[in-house]
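Good morning. Please have a look at the structure on the screen, and I will take you through a few places in it.

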Amino acid sequence: MIFSAGEVQVKQWNIWNILCSVFCIPALALLLFCSAGCGSPKEENAVLLARALERAKEADWKDALKLTEAAVDQDPSDAAALIFHALALEKTLDQDQALDQAAAAVRIAPDDFIAQYTLGRMLYEKGKYDRALAPLMKARRLRPSDANTV
């Protein structure tokens, strides 16, 4: 089939678009990723916590504990890391340290349902009913329809 010059240009432009989408866009994404910390020695907390979650799903709480500890060490003000670390400590039978981490999460994020609920549940399970009531009631106020706080 014979193409006119205009059709050839359109066809070449489409090939250019395909090449850009295959090579340029991923290269740009990689550049943006690297400018946000690629190659830094520390993994971001979100990555550490995602890896810890995978370990926890496999019931490997010792590795989950190491990963959550690294996340807390890296950012002690990350309430999600503190909560997850508290859960990993609880699963590895360090109840007192777990309570400390849950309490730290509540101090950092007092309006976080999970932090309040986790602290209240841990206190309740340790038989500290009088201390468990306040965080559980706060969790109930934060999420009144949650079945865990009923």
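I start in the loop between α2 and α3, where Ala59 sits. A word of caution first: this is a predicted model. Ala59 has a phi near 60°, which is a positive value in a residue other than glycine. Is Ala59 buried or exposed? With a relative accessibility of 57%, Ala59 counts as exposed, because the cut-off for that label is over 50%.

Helix α2 covers residues 45–57 and helix α3 covers residues 61–74. Their axes come within 8 Å and cross at roughly 165°. Angles over 145 degrees count as roughly antiparallel, so α2 is roughly antiparallel to α3. The crossing of these two helices is left-handed.

Which residues make the contact? On the α2 side they are Asn45, Leu48, Leu49, Arg51, Ala52, Arg55 and Ala56. On the α3 side they are Trp61, Asp63, Ala64, Leu67, Thr68, Ala70, Ala71 and Gln74. Sorted by class, the contact of α2 with α3 has 9 nonpolar, 3 polar and 3 charged residues.

Another loop, between α4 (79–91) and α5 (95–108), holds Leu93. Leu93 has a phi near 70°, a positive value in a residue other than glycine. The relative accessible area of Leu93 is 70%, so Leu93 is exposed.

Next, the pair α6 and α7. Helix α6 runs over residues 113–125 and helix α7 over residues 129–142. They pack at an angle of about 155°, and their axes are 8 Å apart. That angle makes α6 roughly antiparallel to α7. α6 passes α7 in a left-handed crossing. From α6, the contact uses Phe113, Gln116, Tyr117, Leu119, Gly120, Arg121, Leu123 and Tyr124. From α7, it uses Tyr129, Arg131, Ala132, Pro135, Leu136, Lys138, Ala139 and Leu142. By class, the contact of α6 with α7 consists of 11 nonpolar, 2 polar and 3 charged residues.

Some of those names come back when we turn to aromatic rings. How many aromatic pairs does the structure hold? There are 2. Phe113 and Tyr117 form a stacked pair, 5.9 Å centre to centre, with 10° between the planes. These residues are 4 apart in helix α6, so about one helical turn separates Phe113 and Tyr117. Buried means under 20% relative accessible area. Phe113, at 6% relative accessibility, therefore counts as buried, and Tyr117, at 19%, also counts as buried.

Tyr124 and Tyr129 form an edge-to-face pair, 5.0 Å centre to centre, with 65° between the planes. Tyr124 has a relative accessible area of 48% and is partly exposed, while Tyr129, at 51% relative accessibility, counts as exposed.

My last stop is Asp146, in the segment after α7. Is Asp146 buried or exposed? Its relative accessible area is 14%, so Asp146 is buried. Which residues is Asp146 in contact with, leaving aside neighbours within four places in sequence? They are Phe113 and Arg140.

How values were computed. Residues numbered from 1 in each chain as written. Predicted model: local features only at pLDDT ≥ 70, side-chain atom pairs only at ≥ 80, totals over all residues. Heavy atoms only, no water. Axes fitted to C-alpha atoms, helices over the stretch in contact; angles between N-to-C directions. Parallel < 35°, antiparallel > 145°, perpendicular 65-115°, else oblique. Left-handed = near helix turned anticlockwise from the far one by under 90°. Contact = heavy atoms within 4.5 Å. Nonpolar A, V, L, I, M, F, W, Y, C, P; charged D, E, K, R; others polar. Buried < 20%, exposed > 50% of the residue type's maximum accessible area, 1.4 Å probe, protein only. Phe/Tyr/Trp six-rings, centres within 6.5 Å; stacked < 30°, edge-to-face > 60°.
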